[in-house]
Amino acid sequence: MPAKRVVITGLGTTSPLGGDVASTWEAMIKGQSGVRHLTDDWAEEMPVKIAARVAVEPTEIIERVKARRLDRTSQFAVVAATEAWRDAGLEDADLDKDRLGVAIASGIGGVTTLLDNYDALRDKGPRRVSPLAVPMLMPNAPAANVSLLFGARAAANTPVSACASGNEGISLALDQIRWGRADIILAGGTEAAIHPLPMAAFANMMALSKNPGDPATVSRPWDTARDGFVLGEGAGVLVLESEEHAKARGARIYAEVLGAGITADAHDIAQPDPAGRGGSRAILRALAEAELDPKDIVHINAHATSTPQGDIAEGLMIHATLGSHADSVVVTSTKSMTGHLLGGAGALESIATVLALYHRLSPPTINLDNLDPQVELDIPREARELPGGQVAALNNSFGFGGANVAVAFGSV
Amino acid sequence: MATTEEIRADLAEIVNEVAGVDADDVQLDKAFVEDLDVDSLSMVEVVVACEEKFGVSIPDDEVKNLKTVGDAVAFIERAQG
């Protein structure tokens, strides 16, 4: 069976920059930061007191009784998927639900539900553990809840690869549609890990920035003063659809998903390969699968989380894979504004990549005052226009465990 | 000692909190499953919240006998007595 072409027909998010795609994109183009001081009581004693919480609490949107049965990861996924569903014009579409699927990833899963229930167990005994704890905290709960919401019966999958999870969700959806197993998949990722335990853990492994300055300036990919990432939260969901199905129903097409590359470093459980070899192989695989030449790439939404090592390694990858064309590519890190959404990152950044192609506009990288001399990339400090014509873009995501996922998108 | 009406009103608040049922609908003659659409997992949450609120113990074996709001209120009254 020939591979089907796969396109993007809907986008949805709830992010630190906005409660939907329009507000998130507008803030991104303006170079606004979603990083704030945490106001939670527990933050007082934490080594890091800043994070990028969602701009709009999901409980303002989801009805109270429904919300209390959903972990925050599922709440974000439901909000983002509902927007993507409407954006794709699927509300009134006549669909074969056996061919409608979900692939929503999470890096950590329902950690808040798990730990809140542990608190109840320890303080009040086993009787007080919620009977809903397991279906709320399981990592596949967001995918399952979205499947329930729309009656999606082709599959409800949850790829888990730490900070590469969101991209892996999109990659999985691409395969499912390409090989004819579904017509439409709601794909992406979600994360809600702003809780003292994961924050203490990330801080203790020296992954989080301890910069005491203005929170808006702390996430600074590729800047010489970067010292770690800022934890974010939220979800992104993209509607992936076979081109023939999208055209048959007259859907708006944002971009084409041309290919994906997934590799593993086999180097270290947490540290990236310093030369970025695993990431390079993922990019090369994505280019090969997409049948793209390096010169077709005009834009990269980088993983660049604002860590000392990872940001350099990604610069090396881009040069190793694109050769001399690397100098002509507009490379940005939207994490400078959103913080790091972990399992939601690849999804939110795929939305940014798709919109960059659609509007021919790259979001900026903020807080880049002094470019690290070990990084040779063209990074826009303000939103930058991208070339017209038939062009392509990459979204990179890398995760603990040595997971690397690059996804190639093409303009339409 | 709480009156039957006081217990019913407190129980109605719990059922509203857990299952979103309008508190005014939680009357003695109403069945949790058939009339109020409280599913089995929500019922477990209601029972645990009642134990905390009314200072009683409601064994799992007993829960299946609490078909109506009146059954639950009567059980709580006896357990408190």
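B:Ser40 counts as exposed because 11 C-beta neighbours lie inside 10 Å; a residue is called exposed at 12 or fewer other C-beta atoms within 10 Å of its own, buried at 20 or more and partly exposed in between, with C-beta atoms placed from the backbone. The serine sits in helix α2 (residues 40–54) of chain B. UniProt, in an unreviewed entry, lists B:Ser40 for "modified residue: O-(pantetheine 4'-phosphoryl)serine". UniProt positions follow the numbering used here, feature names are shortened, and annotations may be inferred rather than shown by experiment.

This is a predicted model, in which local features need pLDDT of at least 70 and side-chain atom pairs count only at pLDDT 80 or more, while totals for chains, interfaces and linings use all residues. Residues are numbered from 1 along each chain as its sequence is written, and chains are lettered from A and ligands numbered from 1 in the order in which they are written.

**Chain B**

The unreviewed UniProt annotation "domain: Carrier" covers residues 5–80 of chain B. Over that span the chain is 61% helix and 0% strand, and the end C-alpha atoms are 15 Å apart. Chain B has four helices and zero strands, in the order α-α-α-α along the sequence. Helices (H or I, at least four residues) and strands (E, at least two) are DSSP runs, numbered from the N terminus. The radius of gyration of chain B is 11 Å, close to the 12 Å from the globule rule for 81 residues, so chain B is as compact as a globular protein of that length. Here the radius is taken over C-alpha atoms, and the rule is 2.2 Å times the number of residues to the power 0.38.

In the loop between α1 (4–19) and α2 of chain B you will find B:Asp24. B:Asp24 is exposed, with 8 other C-beta atoms within 10 Å. The C-alpha atoms of B:Asp24 and B:Glu45 are separated by 20 Å, and the two residues are 21 residues apart along the chain.

Chain A has 13 helices and 14 strands. Its radius of gyration is 20 Å, close to the 22 Å that the globule rule gives for 412 residues, so chain A too is as compact as a globular protein of that length. The unreviewed UniProt entry lists residues 3–411 of chain A for "domain: Ketosynthase family 3 (KS3)". That span is 33% helix and 19% strand, and its end C-alpha atoms lie 19 Å apart.

Some values for the two chains can be set side by side.

| Chain | Span of C-alpha trace along principal axes | Buried residues |
|---|---|---|
| Chain A | about 60 × 55 × 40 Å | 59% of 412 residues |
| Chain B | about 30 × 25 × 20 Å | 31% of 81 residues |

Chain A is divided into domain 1 (7–248) and domain 2 (257–410), with bounds from an automatic or database domain assignment. Their centres, taken over C-alpha atoms, are 20 Å apart. In chain A, 64 residues of domain 1 are in contact with 56 residues of domain 2; contact means that C-beta atoms, placed from the backbone, lie within 7 Å. The elements giving two or more residues to the domain 1 side include β1 (6–14), α1 (21–30) and α7 (165–178) of chain A. The largest share of that side, eight residues, comes from α7(A). The residues of that side divide into 32 nonpolar, 25 polar and seven charged. For these classes, Ala, Val, Leu, Ile, Met, Phe, Trp, Tyr, Cys and Pro count as nonpolar, Asp, Glu, Lys and Arg as charged, and the others, Gly among them, as polar.

**Cores**

The largest nonpolar core has 124 residues, of which A:Leu186, A:Val237, A:Leu238 and A:Leu240 touch the most other members. A nonpolar core is a set of buried Ala, Val, Leu, Ile, Met, Phe, Trp, Tyr and Cys residues joined through C-beta atoms within 7 Å. Helix α13 (residues 345–359) of chain A gives the largest share of this core, nine residues. Both domain 1 (7–248) and domain 2 (257–410) of chain A give residues to this core, so the core lies between them. Not counting residues up to four places away in sequence, A:Leu186 touches residues including A:Ala81, A:Val102, A:Ile104 and A:Val237. A second, separate core of 22 residues includes B:Ala12, B:Val21, B:Cys50 and B:Ile76.

**Where the chains meet**

Seven residues of chain A are in contact with six residues of chain B. The chain A side divides into three nonpolar, one polar and three charged residues.

Note on methods. Contact = placed C-beta atoms within 7 Å.
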